[in-house]
Amino acid sequence: MPRNNQGSKGPRGTGTTVVASPPVIPALPIPVAGVAGSQPGGAGALKSFGIGSLEKEIEQNPDRFRIIDIELTEIVDSPINPKHRQELDEDRLSDILPSVREFGVISPILVCERAELIKNSPQLDSDTEQGHYVILAGHRRRAASTLADLEAIPAIVRNEYATARALAQIFLVENSGRLQLTELEEAEGFKRLYDDGLSYQEIVDTVGGSVKSKSQVSRRISLLKLTPLGKELLNTRQITADGALTVLAELPDDESRDRALTAATTGDIDERPSLKAAVKQEVRRLSEIAETKALREQIQQTGLPEIDPKEHWGDDGWQHRLATDEEIDSARAEKNLAGVAIVDGALQYFSVDLAPAVKAAVAESEAASDSGESDEIESDNSTAGASKTKSGKKEPAPVDLEQQRIVQERRQAHHDSAAKRKQACQKIVADYSTFKDNQRHALIEILTDGVLAGGVDKAVLRRSEVAQWTGASVATEFDLGEVISSDRPQASRLALAATLASIEAQAADERYLGGRPWPPVVVRYITRLVELGYHSLSPYEEDKLQNL
């Protein structure tokens, strides 16, 4: 193979004289006819004949190219090539190193002049090491030459590739098949081409190979939004690219993303949640934070103080907790509200006096005691019966506070669960425009169950919930019924809201507070809310459904 210098290069110590040759820009190989962008520097240059095709052309027709020997010390790495790709590794080069040591490099590498590269792409100046030439293709041959202790390597100068865009293209095309680029390395290559003005489709057309679609390019570039922790976990294969994209899509900020990634990759491997589960946990945590913030804003609107029931009443706070809207309205009218607290993710109102249910239990106990009064005087040796006061009346039988607490907490759980379900219903109504298309079968089932739950007559009685959930102004039950039965565009949305409200009213009825099971239509309704992803069962609901 000819050289454009007076001597040939060989291993150090051979006595061969190194003669520097001036760079000569050889003619381009003939581009593929009819391929757009096949002119030098164009976006389609690599696509039209490619580095691989160019090297094959050099091998088959070496006389067409001017090959020069360049000292290895004059060749620097491409600024596009990741640092770890530049490390010398004998094991990785074991297939070519023995041959290079014995015969030298037969097939020349491709380089461009550093000065030309910086002139065309000034932004690369600080990232490019000092040297006369920048390697384009043949990194493994150059690395093997260094390990073989050679002084120089045969090369062809190709300044038409002396641009940031071309370097990125070469990196993606040459390395994707040989070095198995990581997802992040591909992403960085795509991003460079995108920043250089190529569209996603042009990147696909330019790179080709395993790059099949615009969405593939878009997803890869999205990976660059990962935190340093996320990138490290992806590079070390502790998470997959799909998992990383899920983290990016589901979580809004770096802090929450790192929290999920840490939960899924640290600690005992048998006790770690999956990445999907860790993301869901973090989504719930963020949702709870947002809900708590919204609840505190609601507290401010009530004009009541936020209180800590335990500080006010110790373990007896439950005795002051109001369970229903009617109890709250009554306490407000009597100016008997002590304040509001956030309990189990919901606002709970507390009265200064005992809650009505507790008062009723005490009154019932006293009435039972009063009905057992007797004028008889107990004999001195009597050990049975209720104790007497000095007036001869029996003392009231003590109220079973523990039992009353259990009843009150169950009653509260019943109403708390209903409040959560109402929030789920409101979300369904808010999603109506997409819900009716994506969940058409569920919409039909809900409307059908609404008939079983009481029909339109009961549905129209839920006017207040419908107005709240839909934002529609419905002055009377008649107005609501008229709209639902009409062909107005909002009729079907209002019908859904009225149906959900009707079934929920049945589920929240205190007839089902004790051991009485929910009817099948209510069970289907609650189960459907969960299956659709709008509601999570409370312990109270789980208990009732398990005992059916």
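Trainee: Which residues of α11 meet which residues in α13?

Mentor: Contact means heavy atoms within 4.5 Å. Here G243, A244, V247 and E250 of α11 meet L275, V279 and V283 of α13. The residues of this contact are five nonpolar, one polar and one charged, where Ala, Val, Leu, Ile, Met, Phe, Trp, Tyr, Cys and Pro count as nonpolar, Asp, Glu, Lys and Arg as charged, and the others, Gly among them, as polar. This is a predicted model, in which local features need pLDDT of at least 70 and side-chain atom pairs count only at pLDDT 80 or more, while totals for chains, interfaces and linings use all residues. Residues are numbered from 1 along each chain as its sequence is written, and side-chain values use heavy atoms, leaving out hydrogens and water.

Trainee: At what angle do the axes of helix α11 and helix α13 cross?

Mentor: Two packed helices are described by the angle between their axes and the distance between the axes. For α11 (residues 241-250) and α13 (residues 275-302), the axes come within 10 Å and cross at roughly 10 degrees. That makes α11 roughly parallel to α13 (angles under 35 degrees).

Trainee: How many aromatic pairs does the structure hold?

Mentor: Rings of Phe, Tyr and Trp (its six-membered ring) pair if their centres lie within 6.5 Å; planes under 30 degrees apart count as stacked, over 60 as edge-to-face and the rest as tilted. The structure holds four such pairs. W313 and F350 have ring centres 5.9 Å apart and planes at 25 degrees, so this pair is stacked.

Trainee: Is F350 buried or exposed?

Mentor: F350 counts as buried, at 3% relative accessibility (buried is under 20%, exposed over 50%, partly exposed in between, with a 1.4 Å probe and protein chains only).

Key. Axes are lines fitted to C-alpha atoms, for helices over the stretch in contact, and angles run from 0 to 180 degrees between N-to-C directions. Helices (H or I, at least four residues) and strands (E, at least two) are DSSP runs, numbered from the N terminus. Angles under 35 degrees count as roughly parallel, over 145 as roughly antiparallel, 65 to 115 as roughly perpendicular and the rest as oblique.
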